[in-house]
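Student: I've got a model open and I'd like to get to know its sheet. Can we go through it together?

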Amino acid sequence: MGRSGRVTLSDVAKASGVSRATVSFVLNDDPRQTISAATRERVTEAARELGYVPHGIARALREGSSRIVVLNVDRGIEGNFSRSYVRGLDEELAEHDHVLLVRHGHAAPEATQKILDAIVPRAVLRLGEAYMSGHESDEGDETDERGEVGAQDAAGEPGEPGERDEQDRETGFAANAALQIGFLAERGHTRIAMALPDHEFPLTKARLGFAREAARRRGLAPLERLVVPRPREAGAAAVEAFLAAHAEVTALAAFDDDIALRSLTALRDLGLRVPEDVAVIGFDDTEYGSLSTPALTTVRIDAEILGRIAARDALGIDTGGLAPVRGQIVDRASV
């Protein structure tokens with residue numbers, strides 16, 4: 001075997017008594033070569049006995065792509081959504097003889113291209129695209145002065161709501177954002193602030209837009225915007241300044257559990273009670289929320305089905321029978 005411990009073409013050639021090129025012709029079933037049936041049988045038998053597995057890149061060159069799907073995960077998406085999405089994507093790909101490569105955080109375009117050139121992936125996905133259902137709010141999207149994302153049709157163009165919009169309202173990003181705001185509203189909170197990170201994540205604008213739309217639909221006052229920065233002292237100072245200017249706010253709807261826990265810590269440092277003085281609700285359930293004092297109320301999102309849908313889309317397989325599920329409130333003690 002070769003130095004890596006993997007059986008190589010040279011090993012098969014030696015075992016079958018033919019050249020390496022002949023082994024390659026046989027195993028690749030090259031129609032341009034005339035090789036006797038006896039030689040073909042000898043080579044294939046040697047390959048089978050040695051346990052030879054074709055190199056992935058060589059197979060990619062033959063098939064036009066490898067059996068690898070790349071998933072890019074932006075930072076700031078580390079909750080139950082990402083875990084369950086990756087699990088569903090990985091399991092569905094495995095069922096169809098493909099493997100998943102997950103890349104986390106920011107990477108230079110040059111480094112990304114080198115990886116793509118090396119493995120020739122079947123598809124490259126970005127975590128959150130299936131979840132957004134065409135609603136990601138980048139600079140080119142329809143967004144009003146309050147940061148609300150305009151309706152898009154099934155083709156992704158601004159306009160009347162389409163089939164994907166209806167699905168998103170029921171089970172997607174908009175529905176889960178509305179679930180968070182609705183939980184606060186149903187408990188009597190009419191003045192709510194959206195607690196956000198101090199730098200933009202890919203989904204920040206969309207989260208704020210959907211939350212504001214949910215508040216508008218319920219007839220609540222427009223959501224205020226609170227940035228809760230790091231470190232701890234800066235977060236407490238920001239929350240203190242915000243509450244001094246917005247004394248009417250009684251609840252914070254956080255961008256994610258991380259921001260919710262920063263908010264909880266800041267409120268406690270300021271001598272305020274949660275939830276008696278200010279309620280706090282997280283988003284995308286992490287384990288740390290259950291360990292805080294008070295334990296964090298949050299929205300849990302199971303995206304396994306979305307991962308499976310993304311896998312089938314990438315492989316060109318029918319997604320019929322797979323439908324995403326709506327998030328659920330994890331009702332603890334902070335609201």
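Student: Which residue stands opposite L252 in strand 7?

Tutor: Some ground rules: this is a predicted model, where local features need pLDDT of at least 70, side-chain atom pairs count only at pLDDT 80 or more, and totals for chains, interfaces and linings use all residues. Residues are numbered from 1 along each chain as its sequence is written, and side-chain values use heavy atoms, with hydrogens and water left out. Strands here are DSSP runs of E with at least two residues, numbered from the N terminus, and two of them pair if DSSP finds at least two bridges between them. Strand 6 (residues 251-254) runs parallel to strand 7, joined by three bridges, and opposite L252 stands V280.

Student: In what order do the four strands of the open sheet come?

Tutor: Strand 4 pairs in the parallel sense with strand 6 over four bridges, and with strand 5 over four bridges too. The open sheet has parallel pairing, and its order is 5-4-6-7.

Student: Why is one side of strand 5 and of strand 7 left without a neighbour in the sheet?

Tutor: Look at strand 5 (224-227) and strand 7 (279-281).

Student: How many of strand 4's residues are buried?

Tutor: Buried means under 20% relative accessible area (exposed is over 50%, partly exposed in between, with a 1.4 Å probe and protein chains only). On one side I192, M194 and L196 are buried, and on the other A193 and A195 are. So, with buried defined that way, the count for strand 4 is five of five.
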